[in-house]
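Me: Please look at the model below with me, and let us go through a few of its residues one at a time.

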Amino acid sequence: MDLPRIFTLRESSHRIHNPFTPGKLAALGRALRLPPGTRVLDLASGSGEMLCTWARDHGVTGTGVDISTVFTDKARSRAAELGVADRVSFVHGDASGFVTDEPVGLAACVGATWIGGGVAGTVELLGRSLRPGGLMLIGEPYWLREVPDQETAEGCHARGGDDFLLLPELIERFGDLGYDVVEMVLADQDSWDRYQAAQWLNLRRWLDAHPDDGMAAEVRAELTTGPARYARYQREYVGWGVFALMAR
Ligand code: SAH
């Protein structure tokens with residue numbers, strides 16, 4: 001059980017595996033005004049940057065669950081580096097169906113709502129770990145504007161225009177699920193570039209170091225076509241944000 005290797009090659013230099021800069025992640029942490037000692041559950045916690053920096057900056061405690069052994073090891077090292085290893089822990093495992101024994105004050109899934117089969121299922125899953133009055137965080141893509149055709153949707157790594165909603169519709173969707181949207185921080189083109197463009201140098205350095213690896217042809221093809229595809233489609237059409245929710 002592990003994340004396919006191509007992801008860890010692309011994002012080898014990343015601490016945040018989504019289109020947020022450290023500044024946006026910190027802004028979100030401040031915006032939530034979490035009392036020190038708030039218990040957090042982070043499903044698909046990646047390299048643990050949210051839990052580790054918020055433990056350092058806001059005194060939260062908590063658990064991250066992620067299917068990637070590489071990212072989970074990085075998260076544990078980061079916790080030690082930031083001096084918060086006594087406050088946060090990282091579990092390697094499948095987060096689908098993961099529910100805490102004790103309810104938490106903040107339950108998050110940032111950029112991995114497929115673990116609950118989509119937004120509705122992930123909201124339901126996180127809700128099972130959340131104490132009454134707690135905060136939920138969902139990180140999710142949305143369309144910046146209507147997608148004109150199937151080619152554009154696929155250029156954005158979507159199966160079709162139905163994969164995402166427009167931002168107002170996504171916000172209404174959370175309402176339909178019985179939640180108030182009480183805060184949000186959105187990616188922008190610069191923060192998208194930090195996530196996507198940073199992958200290209202990772203791929204190129206890896207290719208130079210591993211020319212005979214079995215994945216070299218796949219990585220070469222991605223590096224040849226990926227940057228223009230990103231500029232043509234994803235950068236223009238796909239937004240992303242983290243939405244803070246409270247049950248009505
Ligand atoms: N929330 C993190 C990581 C987002 S990237 C961040 O913002 O930095 C998506 C993450 O989902 C990856 O770390 C991947 O390993 C993880 N993942 C994918 N499927 C998963 C599953 N079934 N259970 C747990 N983690 C999963």
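Me: Which residues does Val60 touch, not counting residues up to four places away in sequence?
Reply: This is a predicted model, in which local features need pLDDT of at least 70, side-chain atom pairs count only at pLDDT 80 or more, and totals for chains, interfaces and linings use all residues. Residues are numbered from 1 along each chain as its sequence is written, and side-chain values use heavy atoms, with hydrogens and water left out. Val60 sits in the loop between helix 3 and strand 2 (61-66), helices (H or I, at least four residues) and strands (E, at least two) being DSSP runs numbered from the N terminus. With contact meaning heavy atoms within 4.5 Å, Val60 touches Leu34, Gly37, Thr38, Val40, Leu51, Trp54, Ala55 and Arg87.

Me: Is Val60 buried or exposed?
Reply: Buried means under 20% relative accessible area, exposed over 50%, and partly exposed in between (1.4 Å probe, protein chains only). Because its relative accessible area is 0%, Val60 is buried.

Me: What distance separates the C-alpha atoms of Val60 and Val40?
Reply: Val40 is among the residues that Val60 touches. Although the two are 20 residues apart along the chain, their C-alpha atoms are separated by 7.0 Å.

Me: Which residues is Thr152 in contact with, leaving aside its neighbours within four places in sequence?
Reply: Thr152 belongs to helix 6, and its relative accessible area of 5% makes it buried. Its contacts beyond those neighbours are Val147, Tyr233 and Tyr237.

Me: Is Glu146 buried or exposed?
Reply: Glu146 is found in the loop between strand 5 (130-143) and helix 6 (150-155). Since its relative accessibility is 59%, Glu146 counts as exposed.
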